[in-house]
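Here is a friendly walk through one protein model. Take a moment with the sequence and the picture before reading on.

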Amino acid sequence: MNQDHVEGTLNDATGKVKDAVGGLTGDAKTQADGKADQVLGKAQETLGDVKDKAGDMADSASDTLSSAAAKAAETLRGTAETVRARAGEYGSKVSEVGASAGAYVGKTVQDQPLLSLIGIAAIGYLVGYLAHSPSSPFATPPEPKYRQVMRRWS
């Protein structure tokens, strides 16, 4: 119950008293004022009901949103923990594979040094080609012709 309910009930009661007094005394103006006060009282009570309903709806919406946010946070926390655990597992697997690949390369270099030297030379040649060849995807684009001409004139 809010202030509008109280004022509405008071106006309604006052209106009923005025209506009764106006009816008993034959005063039409007092009777009409009583009816107007009754209508005003009912309107204020209805306003109070609407405010109560709106407050209840706001509280309900707030509770629902708070619950949804808590569920989202819980889901996000669970997902983050799962990702962290899997990342740790994959990190250890990558480390194991890297260690075994390193051991394999070390054993191959030790067992076949000439083949290893040829392989390293081929890799060096490929890197040099990619870095300096004009047809390489990593090469800098050639200078436009107009800049070459401008450079000659200056």
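What follows goes from the whole chain down to a few residues.

## Before you start

This is a predicted model, where local features need pLDDT of at least 70, side-chain atom pairs count only at pLDDT 80 or more, and totals for chains, interfaces and linings use all residues. Residues are numbered from 1 along each chain as its sequence is written, and side-chain values use heavy atoms, with hydrogens and water left out.

## The overall build

So what is the secondary structure of the protein made of? It's four helices and zero strands, giving the pattern α-α-α-α as you read along the sequence. Helices here are DSSP runs of H or I with at least four residues, strands are runs of E with at least two, and both are numbered from the N terminus.

The C-alpha trace spans about 130 × 60 × 20 Å along its principal axes. The radius of gyration is 44 Å, while a compact globule of 154 residues would come out near 15 Å. That radius is taken over C-alpha atoms, and the globule rule is 2.2 Å times the number of residues to the power 0.38.

## Surface and charge

Of the 154 residues, 11% count as buried. Buried means under 20% relative accessible area, exposed means over 50%, and partly exposed is in between (1.4 Å probe, protein chains only). The accessible surface comes to about 12300 Å², and carbon and sulfur atoms hold 66% of that; such areas come from the Shrake-Rupley method with a 1.4 Å probe, and for residues only the protein chains shown count as cover.

As for charge, there are 17 positive and 19 negative side chains, and the centres of the two sets lie 17 Å apart. Lys and Arg count as positive, Asp and Glu as negative, with His and the chain ends not counted. Each charge is placed at NZ of Lys, CZ of Arg, CG of Asp or CD of Glu.

Now zoom in on Asp-37, which sits in helix α2 (residues 28-111). Is Asp-37 buried or exposed? Asp-37 is buried, at a relative accessible area of 17%. Skipping its neighbours within four places in sequence, Asp-37 is in contact (heavy atoms within 4.5 Å) with Asn-11, Asp-12, Thr-14, Gly-15 and Lys-18. With Lys-18 there's also a side-chain to side-chain polar contact at 3.0 Å. A polar contact is a pair of N or O atoms within 3.5 Å; within protein, one must be able to donate a hydrogen and the other to accept it, and residues adjacent in sequence count only if both atoms are side-chain atoms.

Thr-14 belongs to helix α1 (residues 3-25) and is partly exposed at 33% relative accessibility. A polar atom of the Thr-14 side chain lies 2.8 Å from the backbone oxygen of Leu-10.

## Further along α2

Glu-45 is in helix α2 too. Leaving out residues up to four places away in sequence, Glu-45 touches Asp-4, His-5, Gly-8, Thr-9 and Asp-12. Glu-45 and Glu-7 are 38 residues apart along the chain, with their C-alpha atoms separated by 7.7 Å.

Ala-80 has its place in helix α2 and is partly exposed, at 41%. Ala-80 and Gly-34 are 46 residues apart in sequence and 68 Å apart in space, C-alpha to C-alpha.
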